[in-house]
Amino acid sequence: MESWMSLISDVGFPIVVTLYLLHRIEEKLDTLNDTILQLPEHLSSQRVNKNII
């Protein structure tokens, strides 16, 4: 039992920090993915506006 407690105290903090950072990165990746998916629409509207001018 004592070895388990030692293992949890040694490894627990890095695991918590890793999960926290992965959660933050996931939100940013979702935002990036949405932006990339909107890029073709934005580019096509830019071409239309350029042709009008």
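1. Isoleucine 36 sits in helix α1, which covers residues 2-52. The protein has one helix and zero strands; both are DSSP runs numbered from the N terminus, with H or I over at least four residues for helices and E over at least two for strands. This is a predicted model, where local features need pLDDT of at least 70, side-chain atom pairs count only at pLDDT 80 or more, and totals for chains, interfaces and linings use all residues. Numbering starts from 1 along each chain as its sequence is written, and side-chain values use heavy atoms, with hydrogens and water left out.

2. How much of the protein is buried? Of its 53 residues, 0% count as buried (under 20% relative accessible area; exposed is over 50%, partly exposed in between; 1.4 Å probe, protein chains only).

3. The accessible surface comes to about 5,300 Å², and 66% of that belongs to carbon and sulfur atoms (Shrake-Rupley method, 1.4 Å probe; for residues, only the protein chains shown count as cover).

4. Back to Ile36: together with Phe13, Val17, Tyr20, Leu21, Ile25, Leu29 and Leu32, Ile36 forms a nonpolar surface patch of about 790 Å² accessible area. Patch residues have over 30% relative accessible area and no salt bridge, with nonpolar side chains (Val, Leu, Ile, Met, Phe, Trp, Tyr) joined within 5 Å and like charges within 9 Å. A salt bridge is a side-chain nitrogen of Lys or Arg within 4 Å of a carboxyl oxygen of Asp or Glu.

5. Glutamate 26 also lies in helix α1, and counts as partly exposed because its relative accessibility is 47%.
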